Amino acid sequence: MTAEKKAAAAPAKTFTLKDDQSGKEWKLPVVDGTVGPNGIDVRKLLAETGHITFDPSFNSTGACKSKITFIDGDAGKLMHRGYSIEDLTQKSNFIEVMYLLLYGDLPNKPDYEEFKRHITYHTMVHEQVHFFFRGFRRDAHPMAIMCGVVGGLSAFYHDSLDINNPQHREISIHRLIAKIPTLAAMTFKYAIGQPFMYPRNDLSFVENFLYMCFAVPAEPYKINPVVAKALEKIFILHADHEQNASTSTVRLAGSTGANPFACIASGITSLWGPAHGGANQEVLEMLHEIGHKDRIPEFLARAKDKNDPFKLMGFGHRIYKNYDPRAAVLKADCHAVLEELGVKNEPLLDLAMELEKIALSDPYFVERKLFPNVDFYSGIILKAMGFPTSMFTVLFALARTVGWCAQWKEMIEEPDMRIGRPRQLYIGAAGRPYVALDKRK
Ligand code: ACO
């Protein structure tokens with residue numbers, strides 16, 4: 001008997017729900033995951049019981065089935081399509097990981113070359129896009145520019161925005177993941193007043209991005225392989241992270257049938273928040289504010305004080321209640337990059353290491369399982385590479401674009417995809433008589 005037949009022959013699993021008041025019981029179907037928790041299918045809950053589930057920050061809510069990424073937060077594990085993040089960062093490159101996320105398997109040689117060619121040959125943006133940039137103030141936050149220009153890309157591709165057409169979806173995804181680095185580099189160049197550098201097809205994805213950011217027309221630019229390797233790892237580590245806030249935003253926007261450029265722009269806006277993608281910028285700002293090792297106890301006390309909104313940025317994670325595996329990969333790279341760039345004695349790194357040591361042994365952080373997350377190290381590395389803090393979240397968005405695209409693609413390809421529409425627990429007035437303006441007190 002095949003595994004499918006065996007599964008079909010097995011009695012369906014159910015979960016019994018009981019209303020203690022009426023004594024009435026309902027059997028809810030249980031949906032199995034490959035690994036991780038199973039799901040209780042509550043789709044008919046409202047119709048059958050008259051109740052909704054109440055889960056405001058979606059801690060216990062599965063909003064979709066997905067084959068892309070799996071996280072075991074307690075064990076500190078992250079897998080894409082079954083491959084560990086450690087294997088992917090050590091043995092793969094970003095092009096391969098992008099292919100894996102989008103198409104489900106690592107590419108063979110011809111598929112790899114073809115995919116790489118598609119991405120390489122879509123890196124240029126329409127010349128008209130340059131005018132978008134010139135409309136922004138030079139001191140605009142790069143994420144503000146990204147929200148605008150990425151959404152604005154949909155204005156250039158009217159001919160390929162039919163989300164029900166697989167070829168249109170494919171070309172839009174290729175355009176997005178190829179052009180985002182160009183746009184990201186343009187936001188950087190615009191802020192510092194240097195000319196935009198056109199992409200170079202002879203360079204790898206990551207090298208080309210470094211070139212567009214740091215080269216100037218006046219002289220040749222030499223890629224530093226240590227920096228390129230570390231940035232490639234940062235991109236791989238940020239490529240996807242299952243149903244986080246920005247990915248859920250992309251899925252929800254996509255469920256309305258919105259075009260992929262608009263959906264990815266919505267993901268960028270969601271990523272911008274300091275509790276999500278904005279955290280690596282905040283880590284650096286926090287380290288600057290702390291300034292010296294001697295002041296660590298003062299800031300730890302503030303982080304523990306419930307009346308103080310201050311949080312230790314770069315610590316804690318909604319899902320990881322163990323060391324963030326991405327932070328573990330970057331910790332080692334952090335030292336290698338700083339050494340290569342001659343900033344080994346960077347005082348902020350020293351401060352960060354001391355902060356990590358103290359926080360990891362502090363009972364408040366130990367009891368709450370607050371470990372350093374990926375943002376804690378990525379900020380320090382990106383700063384050493386020469387990126388200003390305001391660009392950090394843009395780099396995160398660049399890397400995450402493929403994850404957003406893969407999740408959007410998976411959702412659109414679901415045969416029973418419907419518009420997302422959460423319910424609410426209404427706690428407002430139950431109904432009031434209308435009072436005319438001149439009679440109101
Ligand atoms: N500093 C101090 N205390 C913290 C921190 C922190 N960084 N993070 C959580 N806590 C405390 C909470 O106050 C809470 O304490 P309590 O139980 O006494 O009330 C407890 O730890 C549990 O925290 P929650 O708020 O329930 O954790 P949640 O899952 O909601 O939040 C989050 C996760 C948003 C990441 C939070 O840890 C945080 O704000 N961290 C700092 C920002 C950050 O680094 N974000 C990056 C996330 S990774 C990413 O997006 C790539």
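## Salt bridges, cavities and surface

Modeller: A search of the whole structure, which is a predicted model, finds 17 salt bridges. Side chains of opposite charge can pair when their charged atoms come close.

Biologist: How many residues apart are E289 and R302, which are linked as a pair?

Modeller: The side chains of E289 and R302 meet in a salt bridge with an N to O distance of 3.8 Å. E289 counts as partly exposed at 42% relative accessibility, and R302 counts as partly exposed at 28%. The pair links distant parts of the chain, since E289 sits in helix α13 and R302 in helix α14, and the separation is 13 residues.

Biologist: Is E356 buried or exposed?

Modeller: E356 forms a salt bridge with K331, and the closest N and O atoms of the two are 3.3 Å apart. E356 lies in helix α16 and K331 in helix α15 (residues 325-340), so this pair ties together parts that are 25 residues apart in sequence. K331 counts as partly exposed because its relative accessibility is 29%. For E356 the relative accessibility is 4%, and because buried means under 20%, E356 counts as buried.

Biologist: Which residues are linked with R169 in a network of salt bridges?

Modeller: A salt bridge needs a side-chain nitrogen of Lys or Arg within 4 Å of a carboxyl oxygen of Asp or Glu. The network of salt bridges that includes R169 also includes K409 and E413.

Biologist: Which helix gives the most to the lining of the second largest cavity?

Modeller: About 40 Å³ of space lies in the second largest cavity, and the residues that line it include L284, L338, E346, I380 and K383. By class, this lining has seven nonpolar, no polar and two charged residues. At least two lining residues come from each of α13 (279-290), α16 (347-361) and α18 (374-385). The helix that gives the most, with three residues, is α18.

Biologist: And which element gives the most to the lining of the second largest pocket?

Modeller: About 210 Å³ of space lies in the second largest pocket, and of the 18 residues that line it, the closest to its centre are I95, L203, S204, F205 and V206. The elements that give two or more residues to this lining are α4 (94-103), α5 (109-120), α8 (166-192) and α9 (205-214). By class, the lining has nine nonpolar, six polar and three charged residues. The element that gives the most, with four residues, is α5.

Biologist: What is the area of the nonpolar surface patch that includes I427?

Modeller: I427 lies in the segment after α19 (392-413), and because its relative accessibility is 79%, I427 counts as exposed. The nonpolar surface patch is made by I427 together with L46, I52, F54 and L425, and its area is about 520 Å².

Biologist: What distance separates the C-alpha atoms of L300 and L46?

Modeller: L300 is found in helix α14 (residues 296-304), where L300 is buried, with a relative accessible area of 5%. L46, in contrast, is one of the residues that make the nonpolar surface patch. Along the chain L300 and L46 are 254 residues apart, and their C-alpha atoms are separated by 45 Å.

Definitions and conventions. Residues are numbered from 1 along each chain as its sequence is written. This is a predicted model: local features need pLDDT of at least 70, side-chain atom pairs count only at pLDDT 80 or more; totals for chains, interfaces and linings use all residues. Side-chain values use heavy atoms; hydrogens and water are left out. Patches are made of residues with over 30% relative accessible area and no salt bridge: like charges are joined within 9 Å, nonpolar side chains (Val, Leu, Ile, Met, Phe, Trp, Tyr) within 5 Å. Accessible areas come from the Shrake-Rupley method with a 1.4 Å probe; for residues, only the protein chains shown count as cover. Buried means under 20% relative accessible area, exposed over 50%, partly exposed in between (1.4 Å probe, protein chains only). On a 1 Å grid over the protein atoms alone, a cavity is a set of points where a 1.4 Å probe fits but cannot get out, and a pocket is an open set with protein on both sides within 12 Å along at least five of seven lines; lining residues have an atom within 4 Å of a point. Grid points are joined across faces, edges and corners, and a volume is the space filled by probe spheres set on the points. Ala, Val, Leu, Ile, Met, Phe, Trp, Tyr, Cys and Pro count as nonpolar, Asp, Glu, Lys and Arg as charged, and the others, Gly among them, as polar.
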